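Student: Hi! I've just opened this one and would like a walk through it. Can you show me the structure?

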Amino acid sequence: MSEILKNIEEKFSEYFRESHSKLGEDTVLIKKEGILDVMVYLKNKENFNVLMDLTCVDYYGEEERFEVVYHLYNLKDKKRLRVKVRVDEENPEVESLCSLWRNANWFEREVWDMFGVRFKNHPNLKRILMYDEFEGHPLRKDYPIRKRQPRVGPLN
Amino acid sequence: MGVKKIVTGVFGEEGFITTKLDSAVGWARKYSLFVYPFVTACCGMEYMSVACSHYDLDRFGAALPRFSPRQADLLLVVGTISHKIAPVLLRVYEQMTEPKWVVAFGTCTCTGGFYDNYATVQGIDTILPVDVYIPGCPPRPETVLDGIMKLQEKIQKSKQEY
Ligand code: SF4
């Protein structure tokens, strides 16, 4: 196991859930309550200064339905790290990372738009790709595949 | 419209002078298409190659893109039209003055193409009238030229208003 995963497991044992490093990629799954603490640590102490990507996966049917995935990059040591948290369907909410990385703003808006996962303390959580009148979240697995919501013209 | 009324009044609806004048106006119109390129996606590359010197849209009198709908009479819809931008496209069409024509450039504009999903308009003919459909993803420049020539034929043959 790589050093960074060990560090996280030791420092944040109350938030740590599991980790693996396959094919040279370090991945850690933590509890969603700890996301801000862990990220502050990773950014300030471990030099993961770039938030490369923030996205979401819908594991429809599983108990904790959504998985929010963060990809971090350490510019100094050229290392990558994947951090994941799981949220359930009733209360899909995680802490926003806008205070740490400014690009989290649009990423989080996209995740909200497509999956309906809310981000607490986000300064401007509204749709970014779809139009405001759009109902539902199209990348959820239970969004009907043929459902259309045109703004002008007929349903097609 | 006024001129047409006088001409048909004097020479009759199907008279020699009237039909010849119609044909002359049609000839003038088909060789002076002013294009409004509504370019949204990858088909735009093909539009560029058609418009540039290799294929040279200017040979058909349709070289000059006008980026104001008021000055254009041919709306070239090039690329995927999402539901988000559909009202804008409709607005552009409505702002163009008569006579005006619409060409659906590429499979996306004809039918929605493989974007059979929540985001994409399944063919722009669901929101505005289309004169010529140019299929292909993207269409080759030759196909586009063929489409433009078909449009010219259509303009030549249709009854003119003036
Ligand atoms: S028809 Fe093909 S090339 Fe043209 S916009 Fe659609 S996907 Fe792109």
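Student: What order do the five strands of the open sheet in chain A come in?
Tutor: The order is β1-β2-β5-β4-β3 in chain A, and the pairing is mixed. Strands pair here if DSSP finds at least two bridges between them. Strands (E, at least two residues) and helices (H or I, at least four) are DSSP runs, numbered from the N terminus.

Student: Which strands stand at the edges?
Tutor: Those are β1 (16-22) and β3 (50-58) of chain A. Each has a single partner strand, so one side of each is left without a neighbour in the sheet. From one strand to the next, the twist averages 20 degrees.

Student: Before we go on, what kind of model is this?
Tutor: This is a predicted model, where local features need pLDDT of at least 70, side-chain atom pairs count only at pLDDT 80 or more, and totals for chains, interfaces and linings use all residues. Residues are numbered from 1 along each chain as its sequence is written, chains are lettered from A and ligands numbered from 1 in the order in which they are written, and side-chain values use heavy atoms, with hydrogens and water left out.

Student: Thanks. How many bridges join β4 and β5 of chain A?
Tutor: Nine bridges, with β4(A) (residues 66-74) and β5(A) (residues 79-87) paired in the antiparallel sense. Within β5(A), A:Arg82 is the residue opposite A:His71.

Student: And how do β1(A) and β2(A) pair?
Tutor: They are antiparallel too, over six bridges. A:Lys22 has A:Glu25 in β2(A) as its bridge partner. Their hairpin has two residues between the strands, and A:Leu23 there takes a positive phi near 55 degrees.

Student: Which strands does helix α2 of chain A lie across?
Tutor: Helix α2(A) (residues 35-44) lies across β2 (25-30), β4 and β5 of chain A. It runs at about 175 degrees to β5(A); axes are lines fitted to C-alpha atoms, for helices over the stretch in contact, and angles run from 0 to 180 degrees between N-to-C directions.

Student: What about α3(A), is it largely enclosed or open?
Tutor: Nine of its 12 residues are buried, so α3(A) is largely enclosed by the rest of the structure. Buried means under 20% relative accessible area, with a 1.4 Å probe and protein chains only. Among the buried residues are A:Phe107, A:Val111 and A:Phe115. The cover includes β3, β4, β6 (93-95) and β7 (118-120) of chain A. After the helix comes A:Gly116, with a positive phi near 75 degrees.

Student: Now chain B! At what angle do α3(B) and α6(B) cross?
Tutor: Roughly 70 degrees, and the axes of α3(B) (residues 43-51) and α6(B) (residues 141-157) come within 9 Å. That makes α3(B) roughly perpendicular to α6(B), a label used for angles of 65 to 115 degrees.

Student: Which residues make that contact?
Tutor: B:Glu46, B:Ser49 and B:Val50 come from α3(B), while B:Pro141, B:Val144 and B:Leu145 come from α6(B). Contact means heavy atoms within 4.5 Å.

Student: Last one: is B:Val77 buried or exposed?
Tutor: B:Val77 has 0% relative accessibility, so it counts as buried. This residue lies in β2(B) (residues 74-78). Its C-alpha is 5.3 Å from that of B:Ala104, 27 residues apart along the chain. Leaving out residues up to four places away in sequence, B:Val77 touches several others, including B:Phe38, B:Leu89 and B:Ile124.

How values were computed. Angles under 35 degrees count as roughly parallel, over 145 as roughly antiparallel, 65 to 115 as roughly perpendicular and the rest as oblique. Buried means under 20% relative accessible area, exposed over 50%, partly exposed in between (1.4 Å probe, protein chains only).
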